[in-house]
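Take a look at the model first, and then we'll go through it piece by piece.

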Amino acid sequence: MLSSQRKRIIDFRDQRDWKQFHDPKNLAEAIIIEAGELLENFLWKTTEESRNLPSDTVTAIGEEIADIAIFVAMIAHEMDLDL
Ligand SMILES: [Mg+2]
């Protein structure tokens, strides 16, 4: 993730005073929870169906991937890791 994107995410968090909730353990849990939300979009679908999803489902999947990416950026920031 680009440092400019990471900065935007951290600024967004800090403007809402959410840092107090974003310790590494909570962020790791959040990544798994969001990954579950991503996976829910594929529940009971075949491989072929997963390649031909309706557009609203694809949009929802994009939102869950964004949630995961944001929490990955946050935990990397909190642990001073350069991905
Ligand atoms: Mg989500």
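What radius of gyration does the chain have, and what would a compact globule of 83 residues have? The chain comes out at 15 Å, while a compact globule of 83 residues would be near 12 Å. That radius is taken over C-alpha atoms, and the globule rule is 2.2 Å times the number of residues to the power 0.38.

Before going further, keep in mind that this is a predicted model: local features need pLDDT of at least 70, side-chain atom pairs count only at pLDDT 80 or more, and totals for chains, interfaces and linings use all residues. Residues are numbered from 1 along each chain as its sequence is written.

**Overall layout**

Helices here are DSSP runs of H or I with at least four residues, strands are runs of E with at least two, and both are numbered from the N terminus. Along the principal axes, the C-alpha atoms fill a box of roughly 40 × 25 × 25 Å.

A residue is buried if 20 or more other C-beta atoms lie within 10 Å of its own, exposed if 12 or fewer, and partly exposed in between, with C-beta atoms placed from the backbone. As for contacts between residues at least 6 apart in sequence, 80% join residues at least 24 apart. A contact means that the two C-beta atoms, placed from the backbone, lie within 7 Å.

Helix 1 covers residues 3–15, and its 13 residues reach 18 Å from first C-alpha to last, close to the 18 Å expected at 1.5 Å a residue. The expected span is 1.5 Å times one less than the number of residues. The number of buried residues in helix 1 is 0, so this helix lies largely in the open.

Helix 4 has 24 residues and should span 34 Å at 1.5 Å a residue; its end C-alpha atoms are 35 Å apart, which agrees. Its buried residues are Ile70, Phe71, Val72, Ala73, Met74 and Ile75, and they pack against helix 1 and helix 2 (24–40).

How do the two helices meet? Two packed helices are described by the angle between their axes and the distance between the axes. The axes of helix 1 and helix 4 (residues 55–78) come within 10 Å and cross at roughly 90°. Axes are lines fitted to C-alpha atoms, for helices over the stretch in contact, and angles run from 0 to 180 degrees between N-to-C directions. Helix 1 and helix 4 are therefore roughly perpendicular to each other, a label for angles of 65 to 115 degrees. Helix 1 brings Gln5, Arg6, Ile9, Ile10 and Arg13 to the contact, and helix 4 brings Ile70, Ala73, Met74 and His77. By class, that gives 5 nonpolar, 2 polar and 2 charged residues. Ala, Val, Leu, Ile, Met, Phe, Trp, Tyr, Cys and Pro count as nonpolar, Asp, Glu, Lys and Arg as charged, and the others, Gly among them, as polar.

With 18 C-beta neighbours inside 10 Å, Ile9 counts as partly exposed.

**Pairs across the sequence**

Here are some C-alpha separations to check on screen.

| Pair | Apart along the chain | C-alpha to C-alpha |
|---|---|---|
| Ile9 and His77 | 68 residues | 10.0 Å |
| Val58 and Asn41 | 17 residues | 8.7 Å |
| Asp67 and Thr46 | 21 residues | 24 Å |

Val58 lies in helix 4 and counts as exposed, with 11 C-beta neighbours inside 10 Å. Asp67 is in helix 4 too, but it counts as partly exposed, with 17 such neighbours.

**Two aspartates with positive phi**

Most residues other than glycine have a negative phi. Asp17, in the loop between helix 1 and helix 2, has a positive phi near 60°. With 8 C-beta neighbours inside 10 Å, Asp17 counts as exposed.

Asp80 is in the segment after helix 4, and its phi is also positive, near 55°. Asp80 has 6 C-beta neighbours inside 10 Å and counts as exposed.

Conventions: Parallel < 35°, antiparallel > 145°, perpendicular 65-115°, else oblique.
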